[in-house]
Amino acid sequence: MITSKELRKKWLDFYEKRGHVNIGAVSLLGDGTTGVMFNVAGMQPLMPYLLGKKHPAGKRLCNVQGCIRTIDIDDIGDSSHCSFFEMMGNWSLGDYFKKEKTAWSFEFLTKELGFDKNKICATVFAGDENAPRDEETARLLQEVGVKKENIFYLPKSDNWWELEGTVGTPCGPDNEWFYPRHDNPCSEHCDVTCDCGRWVEIGNDVYMQYKKLEGNKYVELENKNVDTGFGFERLLMYVNGLTDMYKTDLFKDVIEYLQQESQIDYERNAEARKAMRIIADHIRTSVMLIGDKNGIVPSNVGAGYILRRLMRRAIRYARQLNLSEESLNNVAKIYIEKVYNEAYPLLLEKEEYILSEISKEVAKFSKVVDDGIKEFEKVISGLERKNQFMAQKDPNFVEDKTITGKAAFRLYDTFGFPIEMTKELAREKGYVVDEKGFNEAFKHHQEVSKQSEKGEFKGGLADSSYECTRLHTATHLLLAALRKMFGNDVHQCGSNITPERLRFDFNIDRKLTPEELAAIENEVNNNIKKAIDVEFYELPIEKAKEMGATGIFDDKYGEVVKVYKIGDVSIEMCGGPHVKNTSELNKFKIVKEESSSAGVRRIKAVLE
């Protein structure tokens, strides 16, 4: 068996001995120059140098680069897909070309990894009206030891690389390397062009020898480049004779831990096997994203949303296996301390932070996931009852198998279910989701939020997600703390809550001192620690006032009002919703205090 650490070392040592400089891995997060959120290929960070810029490390480079790809997330759970993967790369920037590269790739596969040279196959560019057939690469492949009958000429769609829609950029043919999974062909014509699954691409060498001109014309480049990419996980799997990536040492300890904790056999239970693979993949990717040099945390926007989606999907499948909340942190520890401790030492430095962020997300989602699943089941039950009723009335009735956008948005807004999770749950039940309707509901929600941000909307909480619900209750505790410090004349002048933070405006004619802010923060946190129940009443407005309930828009209330009482700390007329107990808020932190307008100050705060 070749371990992942051995394979990584073999690759880097091989090319360093041939004059390459190991440039290391860059951040998984895109730098904005290529228009993508994550680095999705090993060559992506080197694009400026492939386009002509001089690299400070020279003309021969190599590395093992982490990449993130989530477009095929629904396939994760099978034996070979993953959202984080590594590409073993090496590059020639105007230095060596086809002769050296074909020889080195073949040598690495046969002498370093032990692949049978008689089974190695390769594909080359077949040529078209704009560029000739790549006979040079085919000849060089035969010279190094690839059998002539194992070399296949394929069209531009298979064996050509270029940046689509660009002019004046390098491009050219590529040579892809293939190896059979097994020795049982599906027919006498079972070769690399067959889609039976026997043949798998293990790497490719791109030869950037042309410059693209207008009208799909090409001219030879004076300085030609080589860009090599071999999939690390895939190669590790095949070199060890495996057909399941999750049996490599990258995942082996995690899978064994999940089996032990769940008391379910990975081999014998297909559903559990899928769940274990998803957990193993998604937590690995989460560790890498949080622990990255430009690390991110779960949120509702951008890259943070992708991370939250992965983590919440892992949490859902962990619950299917009846795993404890701490189990996901234990999985993360295996990756940090054992699998990637040498290749990514920054993970060890950030271990406490990574585990803390995973724990926070697990705690946030775990509080609402059961209720969310129940709500989803109610939606399905409602549709089933409707279909049964309509079928009885009309024998030609076609079943409605669509979850409305409004229902999907409620799952997102109230229970924190990413739309992708609702789609996945629906698919498991044989239903689909009205994504257009979801997007319309989301757009409406955003418009209301914008109105609130401008002070045009005065209707209480514009988001009823669990994150916002917690911050809503925190706002009541904040007002109570302000009144305790500055008197009952203090009142709310405006408020805005998003899933990430609260913003609260109140009347006072001076800047608060650091000591005062610390005292306010402590007062709120003390009331959180007391674990006070939040009581709800619905009663006539006069009765509410008799109880001592206060409100900021008395003229807006109807005859019957909702009142939320937090022990003897706060009692306010409010539309809600609120948490059931202050302990759910965990920890309150003021992040900023500033002027809002004349005589009005603004506090921004978060819950940790």
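**Helix H13**

I began with helix H13 and listed its buried residues: Gly 405, Ala 407, Ala 408, Phe 409, Leu 411, Tyr 412, Asp 413, Thr 414 and Phe 415. The helix covers residues 405-415, and nine of its eleven residues are buried, so the rest of the structure largely encloses it. I then looked at what comes after H13 and found Gly 416, with a positive phi near 70°.

**Confidence**

I noted that this is a predicted model. I looked up the mean pLDDT of the protein, which is 88, with 95% of the residues at 70 or more. Residues 449-461 have a pLDDT below 50, and this stretch makes 20 contacts in the model beyond near neighbours in sequence.

**Aromatic pairs**

How many aromatic pairs does the count come to? I have 26 down for the count of aromatic pairs. Phe 14 has 2% relative accessibility and counts as buried. Tyr 15 has 0% and counts as buried.

I also looked up Phe 409 and Phe 438, which form a tilted pair with 5.9 Å from centre to centre and 55° between the planes. This pair links distant parts of the chain, as Phe 409 belongs to helix H13 and Phe 438 to helix H15 (residues 435-453), 29 residues apart. Both Phe 409 and Phe 438 are buried.

**Cluster and charges over rings**

I went back to Phe 14 and Tyr 15 and found them in one aromatic cluster with Trp 11, Tyr 96, Trp 104, Phe 108 and Phe 230. Which residue lies over the face of Phe 14? I found Arg 18 there, at 3.6 Å from the ring centre.

**Helices H8 and H9**

Last, I looked up the packing of helix H8 (residues 270-290) against helix H9 (residues 302-320): the angle is about 145° and the axes are 9 Å apart. The crossing of H8 and H9 is left-handed. On the H8 side, I listed residues that make the contact, among them Lys 274, Ile 278, His 282 and Leu 289. On the H9 side, the contact residues include Leu 307, Met 311, Arg 313 and Tyr 317.

Technical notes: Residues are numbered from 1 along each chain as its sequence is written. This is a predicted model: local features need pLDDT of at least 70, side-chain atom pairs count only at pLDDT 80 or more; totals for chains, interfaces and linings use all residues. Side-chain values use heavy atoms; hydrogens and water are left out. Buried means under 20% relative accessible area, exposed over 50%, partly exposed in between (1.4 Å probe, protein chains only). Helices (H or I, at least four residues) and strands (E, at least two) are DSSP runs, numbered from the N terminus. pLDDT is the predictor's confidence in each residue, from 0 to 100. Contact means heavy atoms within 4.5 Å. Rings of Phe, Tyr and Trp (its six-membered ring) pair if their centres lie within 6.5 Å; planes under 30 degrees apart count as stacked, over 60 as edge-to-face and the rest as tilted. A charge sits over a ring if NZ of Lys or CZ of Arg is within 6 Å of the ring centre and within 35 degrees of the ring normal. Axes are lines fitted to C-alpha atoms, for helices over the stretch in contact, and angles run from 0 to 180 degrees between N-to-C directions. A crossing is left-handed if the near helix is turned anticlockwise from the far one by less than a right angle, and right-handed if clockwise.
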